[in-house]
Amino acid sequence: MNRLFGSKPGAPKPTLSEAITNIDTRIASIDTKLKALNGELSAYQEKLSKLREGPGKQAIKQKALKVLQRRKAYEAEKEKLEGQVWNMEQASSMQDNLKNVMTQVDAMKTTNKELKKQYGKIDIDKIERLQDEMADLMDVGNEIQDSLARSYDIPEEVDEAELDAELEALGMEQELELEMGGAVPGFLQDEVAPEFVDEPPLVEDKVKEAAG
């Protein structure tokens, strides 16, 4: 049969977006018709307000009722179409959300595989040994700093009693020097001129001249 009449061409299936667009086009067409019907009704109402009761007014009233019926039919059809659009939009939103979820799941799977590869290359024991070595090096560094900060001249512990005794002994030595060497201590007397000075002091020259 297919050889005689040919097979039906496989047309692409319509999507939700295309269906929504088609229905929106129909709703726009209905809105145009409703606008025209509302214009007719307004014209009939204006005429009816000016006419007196009689056959002419009844005829215009019948025309207005027919237009009103048509308007109600279009409004009912528009309401159904809008309901269909709403349902399809909800379905489209759910479809988009599902695509996003699947994309996230695929990304998580890929990330999980990469993390397993990366973490599989890490040796926890080596990291622990490295941490221990770093701690030992820090201890050695602290010991070196403490050694360099040690004082060479001042003892770590000083006996205050010994210091007081030394100060008292120094005071006694100064008193002895005052008694034996005069009123002025030796460390306060005039310094003797050094031997490398070529010219003698002027005071000595004047003494020699007076003696001669």
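User: What counts as a salt bridge, and how many are there?
Analyst: A salt bridge is a side-chain nitrogen of Lys or Arg within 4 Å of a carboxyl oxygen of Asp or Glu. By this rule the count is 4 salt bridges. This is a predicted model: local features need pLDDT of at least 70, side-chain atom pairs count only at pLDDT 80 or more, and totals for chains, interfaces and linings use all residues. Residues are numbered from 1 along each chain as its sequence is written, and side-chain values use heavy atoms, with hydrogens and water left out.

User: Which residue meets Glu 77 in a salt bridge?
Analyst: Arg 26, at 3.7 Å from N to O. Helices are DSSP runs (H or I, at least four residues), numbered from the N terminus. Glu 77 sits in helix H3 and Arg 26 in helix H2, 51 residues apart, so the pair links distant parts of the chain.

User: Where do Asp 31 and Lys 78 lie?
Analyst: Asp 31 forms a salt bridge with Lys 78, with the closest N and O atoms 2.6 Å apart. Asp 31 is in helix H2 and Lys 78 in helix H3, so this pair ties together parts 47 residues apart in sequence.

User: How do I read accessibility for these side chains?
Analyst: Buried means under 20% relative accessible area, exposed over 50%, and partly exposed in between (1.4 Å probe, protein chains only). Asp 31 is partly exposed because its relative accessible area is 32%. Lys 78, at 21%, also counts as partly exposed.

User: What separates Lys 50 and Glu 46?
Analyst: About one helical turn, because they are 4 residues apart in helix H2. Lys 50 is exposed at 63%, whereas Glu 46 is partly exposed at 46%.

User: Which residues make up the largest nonpolar core?
Analyst: In soluble globular proteins, nonpolar side chains tend to be buried together. A nonpolar core is a set of buried Ala, Val, Leu, Ile, Met, Phe, Trp, Tyr and Cys residues joined through side-chain atoms within 4.5 Å. Here the largest has 8 residues: Ile 20, Ile 23, Ile 27, Ile 30, Leu 34, Leu 81, Val 85 and Met 88. H2 gives the largest share, 5 residues.

User: Which residues form the positive surface patch?
Analyst: A patch takes residues with over 30% relative accessible area and no salt bridge; like charges are joined within 9 Å, nonpolar side chains (Val, Leu, Ile, Met, Phe, Trp, Tyr) within 5 Å. Lys 109, Lys 113, Lys 117 and Lys 121 form the positive one. Lys 113 lies in helix H3 (residues 55-120). Lys 113 counts as exposed because its relative accessibility is 57%.

Technical notes:
Accessible areas come from the Shrake-Rupley method with a 1.4 Å probe; for residues, only the protein chains shown count as cover. Lys and Arg count as positive and Asp and Glu as negative; His and the chain ends are not counted. The place of a charge is taken as NZ of Lys, CZ of Arg, CG of Asp or CD of Glu. Helices (H or I, at least four residues) and strands (E, at least two) are DSSP runs, numbered from the N terminus.
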